[in-house]
Amino acid sequence: MAQNEMWYETLHAGFGQYFTVDKQLYRDKTAHQDLIIFENAAMGRVMALDGVVQTTERDEFIYHEMMTHVPLLAHGSAKSVLIIGGGDGAMLREVSRHADIQKITMVEIDAGVVTFCRQYLPNHSAGAYDDPRLNLVIDDGVNFVNHTTEKFDVIISDCTDPIGPGESLFTSEFYAGCKKALNENGIFVAQNGVCFLQQDEAVNSHRKLSHYFQDVSFYQAAIPTYYGGIMTFAWASDNPALRQPDAALLQARFEASGLRCRYYTPAIHTGSFALPQYLLNALEDPR
């Protein structure tokens with residue numbers, strides 16, 4: 001690909017976004033995915049898999065702060081965390097900022113993604129791969145959760161969209177395995193697309209997760225790269241109180257954590273669970 005060529009995302013038919021490729025840093029087809037990393041003047045370094053943008057340097061902090069700090073601060077006493085996917089290392093970076101976490105297990109299907117991102121997106125992981133609490137496992141996420149004997153307080157599914165290798169992370173088999181791998185009062189969260197354009201994705205996840213968890217909902221964040229509306233994250237637990245923590249308690253946990261965030265605040269945490277009516281209607285539709 002020549003410099004200054006346009007790169008077009010192919011996620012949605014007839015509607016999309018493009019980036020100017022100021023400098024291509026890497027492109028290769030791995031055993032599992034077609035990966036490209038390039039520089040863009042507006043968004044910094046950009047990584048895409050199979051024609052779909054996964055992350056950019058400029059706005060990745062929003063996604064990763066919300067995927068980690070919401071469940072970890074809602075739980076309040078998590079000691080063990082499982083990350084499914086997340087080969088760019090930014091989810092690991094945010095989890096590792098919690099000093100009380102004793103064990104971090106990260107399961108990534110594609111070792112190539114880890115290697116490429118450590119070289120070309122070093123700011124994403126920011127040294128987190130050297131954290132002694134980390135156990136990096138190269139394996140399929142579905143296989144891992146259904147065969148592990150370990151238990152976790154929080155499971156974060158940093159999955160791609162439900163196409164290609166990421167499709168298995170939206171199945172009942174995966175959700176059942178995650179439920180089995182959670183401790184009592186455990187929390188499961190997952191990337192669930194932009195619900196305005198990918199509403200069926202949220203509806204299907206809600207239906208499947210409800211077979212295994214007593215409290216299933218979603219929370220949201222506005223992330224520029226994931227265009228077309230608000231980014232939706234699945235939330236599942238057997239304890240409804242974890243989704244609605246006392247505001248003063250949440251603020252106290254945040255202050256005690258010593259976190260300094262660029263997007264997350266306890267107020268945003270609370271407000272992120274307020275869902276638009278069109279999504280609520282879709283979730284209530286018996287079809």
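**Exercise 1. A residue in α6**

Task: At 27% relative accessibility, is A176 of this predicted model buried, partly exposed or exposed?

Solution. 
- Step 1: Take the value. The relative accessibility of A176 is 27%.
- Step 2: Apply the cut-offs. Buried means under 20%, exposed means over 50%, and partly exposed is in between.
- Step 3: Conclude. A176 therefore counts as partly exposed.
- Step 4: A176 sits in helix α6.
- Step 5: V142 is 34 residues from A176 in sequence, and the two C-alpha atoms are 9.4 Å apart.

**Exercise 2. The annotated positions**

Task: Which residue does the UniProt annotation "active site" cover, and which residues are listed under "binding site"?

Solution. 
- Step 1: Read the "active site" annotation. In the unreviewed UniProt entry, this covers D158.
- Step 2: Read the "binding site" annotation. The unreviewed entry lists H64, D88, D158, C159, T160 and D161.
- Step 3: Locate D158. Its place is in strand β10.
- Step 4: Classify D158. Its relative accessibility is 10%, so D158 counts as buried.
- Step 5: List the contacts of D158. Neighbours within four places in sequence are left aside; the partners are then Y63, H64, M67, I84, G85, G86 and M91.

**Exercise 3. Two loop positions from the list**

Task: Where do D88 and T160 lie, and are they buried or exposed?

Solution. 
- Step 1: Classify D88. A relative accessibility of 7% makes D88 buried.
- Step 2: List its contacts. Residues up to four places away in sequence are not counted; D88 then touches M47, T55, H64, V113, C117, L121, H124, S125 and Y129.
- Step 3: The loop between β10 (152-158) and α6 (172-181) holds T160.
- Step 4: Classify T160. With a relative accessible area of 17%, T160 is buried.

**Exercise 4. Two helix pairs**

Task: At what angles do α1 and α8, and α7 and α10, pack or cross?

Solution. 
- Step 1: Start with α1 (residues 60-75) and α8 (residues 247-257). They pack at about 110 degrees, with axes 9 Å apart.
- Step 2: Classify the angle. α1 is therefore roughly perpendicular to α8.
- Step 3: The α1 and α8 crossing is right-handed.
- Step 4: Name the residues. From α1 come L73, A74 and H75; from α8 come L250, R253, F254 and S257.
- Step 5: Sort the α1 and α8 contact by class. It has 4 nonpolar, 2 polar and 1 charged residues.
- Step 6: Turn to α7 (residues 199-209) and α10 (residues 277-284). Their axes come within 9 Å and cross at roughly 45 degrees.
- Step 7: Classify this angle. α7 and α10 are therefore oblique to each other.
- Step 8: α7 passes α10 in a right-handed crossing.
- Step 9: Name the residues. Q199, A202, V203 and H206 of α7 meet Y278, L279, A282 and L283 of α10.
- Step 10: Sort the α7 and α10 contact by class. The residues divide into 6 nonpolar, 2 polar and no charged.

Notes
Residues numbered from 1 in each chain as written. Predicted model: local features only at pLDDT ≥ 70, side-chain atom pairs only at ≥ 80, totals over all residues. Heavy atoms only, no water. Axes fitted to C-alpha atoms, helices over the stretch in contact; angles between N-to-C directions. Helix = DSSP H or I, 4+ residues; strand = E, 2+ residues; numbered from the N terminus. Parallel < 35°, antiparallel > 145°, perpendicular 65-115°, else oblique. Left-handed = near helix turned anticlockwise from the far one by under 90°. Contact = heavy atoms within 4.5 Å. Nonpolar A, V, L, I, M, F, W, Y, C, P; charged D, E, K, R; others polar. UniProt positions renumbered as here; feature names shortened; annotations may be inferred. Buried < 20%, exposed > 50% of the residue type's maximum accessible area, 1.4 Å probe, protein only.
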